[in-house]
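Please read this briefing alongside the sequence and the coordinates.

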Amino acid sequence: MAHPLDTKEIANTGARVTRLGIGGAPIGSLFRTVSEDDAVATVRRGLELGLNYIDTAPLYGHGISEMRLGLALKDLPRDSFVLSTKVGRVLNPVDEAPISPHFQSLPYMEPVFNYSRDGILRSLEESLKRLNLDRIDITYIHDADDHWEQAIGEAYPTLADLRSQDVIKAIGVGMNQWEMEARFAREGDFDCFLLAGRYTLLDQSGLAELMPVGIEENVSLVLGGPYNSGILASNLGPQATYNYETAPAGIIEKARRIQAVCDSYAVPLKAAALQFGLLHPAVVATIPGPRSVAEIEENLRMAGHPIPSDLWAELKHEELIDPLAPVGEPLS
């Protein structure tokens, strides 16, 4: 079993991240409002516990997540943490607070897709100001689902230039789909991908094609959304969320069946959800998004909870996870 505070290198970049990291969407008030004090305390507690990797994006709270990270990271040694943010959207001021289906308590800023060279440079400059940092370690092209041509033709070369100048250590792509990430891997020279929700206990759709490409091309994978945006961390009731929407009945039923297997081994569902992805040799880290000190402490406990190999074997026997999913010790 991987220890959550062990570190792995992002490709050959020299950037080493803890196997358990911190996803920054919830401190930007994803689904419900999180106070600034709680957000800062959550991140600081994670760092105190030994986690060193934090991911954010301009989209998260329309800049709020990055600003709160700027407060949380203030006065900390810059080499004590690895930080990633994303490009592909710029934030423009508006006259009224936007309404979002996902984020609450938004500022008067509206995200607009922009994968041009000028948009990428502007996005990074404004992120650095919000973060109050002088550098960003990892930069992901974010949510380019409908913007392939500009993302590969402008955003990627811009980030590659910045990497060649040692302005950033690593470049990647962050998406909620695996198909386009596999295409990026074949057509560009990337260090890492952030794959959200497509390699979890409920969805292993990224396994057959993306994961082998990651190993072949030496692209490290970071798993976002290991709880599938909530369902694998909640009570599995009718209000459970899956892929940032209300969970369908069939998904809730599958999650309940997985939980029943976990219960039979006295293993919390959260523990299995966090550790499953780390068993794949292409995966360097998983980054659940905490919104409180209690949640980040629980994430660390769950990531280190003992899980017998028989549990994984039973999940395969019950056809609840892909029979080809690696469930032994990850390769070093």
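At what angle do the axes of helix H3 and helix H4 cross, and within what distance do they come? The axes of H3 (residues 117-131) and H4 (residues 148-164) cross at roughly 50° and come within 8 Å. This is a predicted model, in which local features need pLDDT of at least 70 and side-chain atom pairs count only at pLDDT 80 or more, while totals for chains, interfaces and linings use all residues. Residues are numbered from 1 along each chain as its sequence is written, and side-chain values use heavy atoms, with hydrogens and water left out.

**Helix H3 with helix H4**

- Two packed helices are described by the angle between their axes and the distance between the axes; here axes are lines fitted to C-alpha atoms, for helices over the stretch in contact, and angles run from 0 to 180 degrees between N-to-C directions.
- H3 and H4 are therefore oblique to each other, a class left for angles that are not roughly parallel (under 35 degrees), roughly antiparallel (over 145) or roughly perpendicular (65 to 115).
- The crossing of H3 and H4 is right-handed, meaning that the near helix is turned clockwise from the far one by less than a right angle.
- On the H3 side, Arg117, Ile120, Leu121 and Leu124 meet Glu154, Ala155, Thr158, Leu159, Asp161 and Leu162 of H4, where contact means heavy atoms within 4.5 Å.
- By class, the residues of this contact of H3 with H4 divide into 6 nonpolar, 1 polar and 3 charged, with Ala, Val, Leu, Ile, Met, Phe, Trp, Tyr, Cys and Pro counted as nonpolar, Asp, Glu, Lys and Arg as charged, and the others, Gly among them, as polar.

**Helix H1 with helix H2**

- Helix H1 (residues 36-49) packs with helix H2 (residues 64-72) at an angle of about 60°, their axes being 9 Å apart, which makes H1 oblique to H2.
- H1 passes H2 in a right-handed crossing.
- Glu36, Ala39, Val40, Val43 and Arg44 in H1 meet Arg68, Leu69, Leu71 and Ala72 in H2, and this contact has 6 nonpolar, no polar and 3 charged residues.

- His62 is found in the loop between strand S4 (53-55) and H2, and it is buried (under 20% relative accessible area) with a value of 5%.
- A polar atom of the His62 side chain lies 2.8 Å from the backbone oxygen of Met109.
- Leaving aside neighbours within four places in sequence, His62 is in contact with Leu91, Pro98, Leu106, Pro107, Met109, Glu110 and Pro111.
- Val112, found in strand S7 (residues 109-113), counts as partly exposed at 35% relative accessibility, that class running between the buried limit and the exposed one of over 50%, with a 1.4 Å probe and protein chains only.
- With neighbours within four places in sequence again left aside, Val112 is in contact with Gly88, Arg89, Val90 and Asn92.
- The C-alpha atoms of Val112 and Leu59 are separated by 9.3 Å, although these residues are 53 residues apart along the chain.

- Ser229, which is not a glycine, has a positive phi of about 65°; Ser229 lies in the loop between strand S11 (220-224) and strand S12 (241-242) and counts as buried at 17% relative accessibility.
- Glu319, also a residue other than glycine, has a positive phi near 60°; Glu319 is placed in the segment after helix H10 (309-317) and counts as exposed at 70% relative accessibility.

Conventions:
Helices (H or I, at least four residues) and strands (E, at least two) are DSSP runs, numbered from the N terminus. A polar contact is a pair of N or O atoms within 3.5 Å; within protein, one must be able to donate a hydrogen and the other to accept it, and residues adjacent in sequence count only if both atoms are side-chain atoms.
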